Amino acid sequence: MSMTTTAQFPSATILGYPRIGRRREMKKAVEAFWGGTITAAQLEAAAAALRTTTRERLADLGLGRTDSAIPESFSFYDQVLDAAVTVGAVPTRFASLVGIDGRIDLAGYFTLARGEGDNLPLEMTKWFDSNYHYLVPEIGPETVFSLASDRIVREFNEAKAAGYLTRPVIVGPVTFLLLSKPSDEAPAGYQPLSRLDDLLPVYAALLDRLAAAGAEWVQLDEPGLVSESIDVPRVKTLEALAWSYAALGRLARRPAIFVAAPYGSLDDALPVLAATRVDAIGIDLVRGTLPEPTPGLVDKVLVAGVIDGHNIWRGDLAAALDRAVALKELSPTVSISTSTSLLHVPHDVAHESSLGAELTSWLAFADQKVGQVCTLARGLSAGAAAVEPELSAADAALTARSSAPGVRDDAVRARAAALLDSDFLRGDYATRLAAQEVALGLPLLPTTTIGSFPQTADIRRARARFLTGVLTEGAYRELMQAEIARVVDLQEEIGLDVLVHGEPERNDMVQYFAENLNGFAVTENGWVQSYGSRCTRPSILWGDVSRPKPITVEWSGYAQSLTAKPVKGMLTGPVTILAWSFVREDQPLGETARQVALALRDEISDLEAAGIGIVQVDEPALRELLPLKKKDHAHYLDWSVGSFRLATAGVADSTQIHTHLCYSEFGVVLEAIGNLDADVTSIEAARSRMDVVHDIEAGGFDHGIGPGVWDIHSPRVPGVTELTELLHIAVGAIPARQVWVNPDCGLKTRGYTETVESLQNMLEATRIVRERI
Ligand code: GLN
Ligand code: ZN
């Protein structure tokens, strides 16, 4: 070891903390900066204040002030963007944002995330198997790496000036390149990982600066190691890993290196990492499993990720302690940590006043988890007896939970247990198609939308006033019905073939169902960062799921009563409801999914009885929950696809089932989409100029398909020529009888001006294409 002594790793730590602020202060400050109401200096001041509060709180909760226990995990937008800006990886189209000193200012930083004029922002994609989205760096032969930002060093110094010795955190070099995509300039087949040798000196320079500033430990996040990259063979990843940490390990001056590998098992990356000179390795013992004894590991600090950073349960503390103790077999030095950054959970259970004492006692949000980590660290050093009161309190909560009313509902369980294979099967497609043609009488290239219409300020106000009791239920219903009538009229006027009611009554496509099903609770302040300044408030699925009464039937039925055209009922699918909620961990996800599916099955059957002939079950999260390791795919697809089929297979042949998926990267799930056996599937396609129709053609998909022709993510109105071209591409690749015409996604976030114009153009393009085929 090149350093004479390595500082001790703290006995308790976390991999990261929510950075949006307890009252979403950062969201508000960042958006105020975007809106021009505060200056960059004011935004910096707000961020510094948040970092200060965070450090103070973490210290109050028990993390060490001066032993590198507190991670510096703040970000204005995204940690991968931060890493890109730190190493100077700015795409050529944004070159003008870089100053002569090679730096990019705060406004430039946000431009990378949000785009400007014709310059599209960095692409955004899902961070491992979470609902957080990161920005994808673009790397090519032209990328010049340099230490272009010292923000990390400044934040460390800021903490130091306030009396803290914290631990800087940055995405590690291997993960950074694995998550990057080839830049526009890169030749075909280019691999960003080929630039590792040019990138490492920048990390080396950063580590040098941090050591000079007095940092004792640095955390390099390498979750890329637990997942399987599609583009990079595993051997290449392992080589890159060995090479990187050999290089960084031998630096003359550096902090001790802690490599964290959240979101799963390191598997074959562990022996590789153990053979390098890194000083500490973070092991996810929630998602991952206890590793085998591994040469070299005995010299490392093992940071036991035993507190789930990804979910909100208080959990089994004694079992978590046992897992950490088991890790001691592999190395004498074990510390306690969270399995992932706490970024995925809300700040504080104490902010919730409506969950009830019982449910609250089962929960641990970020602050409670920090407390748990500290408890376990004491237990690990002084023995379980030393923390006996905490362990038994957690145990008592767990026991109470398992027998609490609603957690197990015998009727729900009996129904799930009695399911037959036939409950998952519809009749053959040709028969269905014929029956639906008779029942619906739709033209060739039927036109429709994805469900929601613009959520105007009036709609939101009405909902808020109903919630706070200002509006009576009757008055609220009248307002919603008036809105539905308006939306139906508008669609008739535009000439759409399959209408929707517009979803004005829904705050959110998952929360709305959570509020109307047994087994869910909804938080008041449980915000979690989804991307940038965007936060979601996932519901908590805590008990067996059932449907006390019909949910959407009244609204869809009302819409149908206003028109002779078919109105499409609109539901959120079981997988998406699970993916965007905090789910129970006391039973397999597949079991929970079945319960949700059965509730939806009843809803669909009630819709059918109310005269709704088309029902759409949205599953935008089907791809999102796909496990990181290929060996786990089959099992996942089995239960996820199964739950969709269970929800939808109860209908008559003449009832048409639609599904909607937001994205267009099908690859691995294309076959699964076919297995959903929906009659019609709508997908996003406009942004990729219909690329996806070729996959569909190649996949032999023979059911109805609606490749989106209008990218609804911006207010831009697509012209008739453009829409006609896209439709031509679609009918060129797929038989016209299969093709549906629709936008990419729901119109909730759009305004009426662009909505009306775009839909009119869509109808005109359809008319033109219908004439030509
Ligand atoms: N039906 C939903 C809507 O239109 C679908 C949203 C989604 O796919 N995310 O809003
Ligand atoms: Zn969508």
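Predicted model: local features only at pLDDT ≥ 70, side-chain atom pairs only at ≥ 80, totals over all residues.
Residues are numbered from 1 along each chain as its sequence is written, and chains are lettered from A and ligands numbered from 1 in the order in which they are written. Helices (H or I, at least four residues) and strands (E, at least two) are DSSP runs, numbered from the N terminus.

**Helix 7**

- Helix 7 covers residues 196–213, and its 18 residues reach 26 Å from first C-alpha to last, close to the 26 Å expected at 1.5 Å a residue (expected span: 1.5 Å times one less than the number of residues).
- The buried residues in this helix are L196, L199, Y203, L206, L207 and L210.
- Viewed down the axis of helix 7, the buried residues fall within an arc of 100°, so they line one face of the helix (the arc is that of the directions from the helix axis to the C-beta atoms).

- An open sheet is formed by seven strands in the order 1-5-7-8-9-10-11, with parallel pairing (two strands pair if DSSP finds at least two bridges between them).
- Strand 1 (71–72) and strand 11 stand at the edges with a single partner strand each, so one side of each has no neighbour in the sheet.
- Strand 9 (residues 280–284) runs parallel to strand 10 and is joined to it by five bridges; A280 stands opposite V301 of strand 10.
- Five bridges also pair strand 10 with strand 11 (residues 334–338) in the parallel sense; L302 has V334 as its bridge partner in strand 11, and G305 has S337.

- Strand 10 (residues 301–307) has seven of its seven residues buried, so it is largely enclosed by the rest of the structure.
- A right-handed β-α-β unit is made by strand 10, helix 10 (residues 317–327) and strand 11 (right-handed: with the strands pointing away from the viewer, the path from the first strand over the helix to the second runs clockwise).

**Ligand 1**

- Ligand 1 is surrounded by 13 residues, the closest being I450, G451, S452, P620 and G746 (near: C-beta atom, placed from the backbone, within 6 Å).

Technical notes. Buried ≥ 20, exposed ≤ 12 C-beta atoms within 10 Å, placed from the backbone.
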